[in-house]
Amino acid sequence: MRIQDTHSYLYYRHTLPVRVMHWINVVALTALLMSGLQIFNAHPALYWGKSSYSGKPPLLQIGARDDQAGPMGVTRVFGHEFNTTGVLGLSESDGRLQALAFPRWITIPGYYSLAAARSWHFFFAWVFVLNGIAYLSYSIYSRHLTRDLLPARPELMGIGASIKDHLLLRHPTGDASKRYNVLQKFAYVAVIFILLPLVILMGWAMSPWLDSVVPGWVDFFGGRQAARTLHFMVAWLLVAFVLIHVFEVIVSGFWNHIRSMITGQYRVKEPVR
Amino acid sequence: MKRFDRRRALQALGGAGALLLAGCDRLTDTSWFPKVLQLGERTNRAVQRLVTSRRSMAQEFTEADLSPEFRSNGTSLPDNPEYKALARAGFVDWRLTVDGLVHDPQAFSLDRLRAMKSRTQITRHDCVEGWSAIGKWTGVPLSEVLAIVQPRESARFAVFHCADPMSDDGKDLYYESIDMEDAYHPQTILAYGLNGQALPIRNGAPLRLRVERQLGYKHAKYLLRIELVESFAHIAGGRGGYWEDNGYQWYAGI
């Protein structure tokens, strides 16, 4: 029998503003993703360049067609065709097959409505942007950014060890568990300063009105259709980030993390000596 | 036991997701929630107006950027007997009526419009659905037409009445509207040519509006009449356009 002699105590890990803004982000990004997929369904193809019709085929196209065996969902990526019946192109809901690029269980609204999806998307885009501005201002003012998020030079030496720890699902204990680890810091900084600004900028790039602020600025990113493609790709990179984020939360103490993001209190376990 | 719990948890998660989705759809169908959501587009419009001059120019492209074929969307042949008769005769009897709040209402033939000062522009057409196509448009600037009919002081919007019915019974003719600042914008033209040819029927022959910097549905096709008004509240659904009456934005800037 092993004696449970681990000493532990509660530590105030996340401040109230960070907790509130975190959950606002959860709601806003979920609504943005799901309404965005509904908007994509209005024209389920992606291109590179200034226009959709340039003589070149789309990079990605999702559709449905009749096959010998019956209707099938087809996803074409860089000229390669995949049968995605059931999920992409053709999916079942309410007991019947529907020709939709993304299935209705992942879109807002759950029925086809471009107008309603755009309303959702732009409302939550502003929730997200204002929340982001508040977060950045708070992080700079409270030094959350410099103290907790930016990796310090000595930490960079520990990247190799941190990668190994992550792969072996070994998690920091004691004082080290009060801070973000170096990979976590890199992930957060990349999301906050690269992916999120890029997804917002590529959203603006799709606006014909904003394109006229400095005519031609959109071509810097490859053109309006390239911007639409980047907007879509960055959205999925953000989904990938969230999946990894949630995975790490689950494997490193689910309820402890959930509590610390609600009440701020995180249980620190002293390393067993 | 643990596996059972996990399955229960997954089922609960799936159930919660379905409830959430159903909840979103019910919110969308209430009378009040869409109004809250509209705050997003209202903010878009205010910010777009704030950061952009009303005279800002849409990007113009080169011949190399032209789409091989300009996509036709929405109506490609108006199901309207009068329109079809005009088309069969090569639009010789077609007239563009410009009236409403003007000092000198007139009817313009296609030949007369073609004889007026023209502008050719290669621009990108951005559909609300997400696709873009680049075309070379030739037409008469709307400002030239307005100079002839002389709008009254009270005119605030130009309403474009079209020949294409949007319902199967031949009713609900397509219409659109823009304000006077857009009407006088140098890139706002009444186009009769596409890619060096006469405007094809599927792209809006004989005359369509080009109002660059705005989404595709603003570019009304199959024009019959331009009416200058103080308010469009009394026309059709009252929101200034066919798609606006169906939940889309009048300013159409994103």
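Me: What covers the buried residues of α8(A)?
Reply: The cover includes β2 (45-46) and α6 (182-205) of chain A, along with β3 (119-126) and β4 (132-141) of chain B. Helices (H or I, at least four residues) and strands (E, at least two) are DSSP runs numbered from the N terminus. This is a predicted model, where local features need pLDDT of at least 70, side-chain atom pairs count only at pLDDT 80 or more, and totals for chains, interfaces and linings use all residues. Residues are numbered from 1 along each chain as its sequence is written, while chains are lettered from A and ligands numbered from 1 in the order in which they are written.

Me: And which residues of α8(A) are buried?
Reply: They are A:Arg224, A:Gln225, A:Ala226, A:Ala227, A:Arg228, A:Thr229, A:Leu230, A:His231 and A:Val234. A residue is buried if 20 or more other C-beta atoms, placed from the backbone, lie within 10 Å of its own.

Me: How far apart are the end C-alpha atoms of α8(A)?
Reply: They are 41 Å apart, which agrees with the 40 Å that 28 residues (224-251) should span at 1.5 Å a residue. The expected span is 1.5 Å times one less than the number of residues.

Me: What comes just after α8(A)?
Reply: A:Gly253, with a positive phi of about 110 degrees.

Me: Now strands. How do β3 and β4 of chain A pair?
Reply: β3 (60-67) and β4 (70-77) of chain A pair in the antiparallel sense over 8 bridges. Strands pair if DSSP finds at least two bridges between them. These two form a hairpin with 2 residues between them.

Me: What stands opposite A:Ile62?
Reply: A:Thr75 in β4(A). In β5(A), the bridge partner of A:Thr75 is A:Phe82.

Me: How many bridges join β4(A) to β5(A)?
Reply: 4 bridges, and the strands run antiparallel. In their hairpin, A:Phe78 takes a positive phi near 45 degrees.

Conventions. A residue is buried if 20 or more other C-beta atoms lie within 10 Å of its own, exposed if 12 or fewer, and partly exposed in between; C-beta atoms are placed from the backbone. Two residues are in contact if their C-beta atoms, placed from the backbone, lie within 7 Å.
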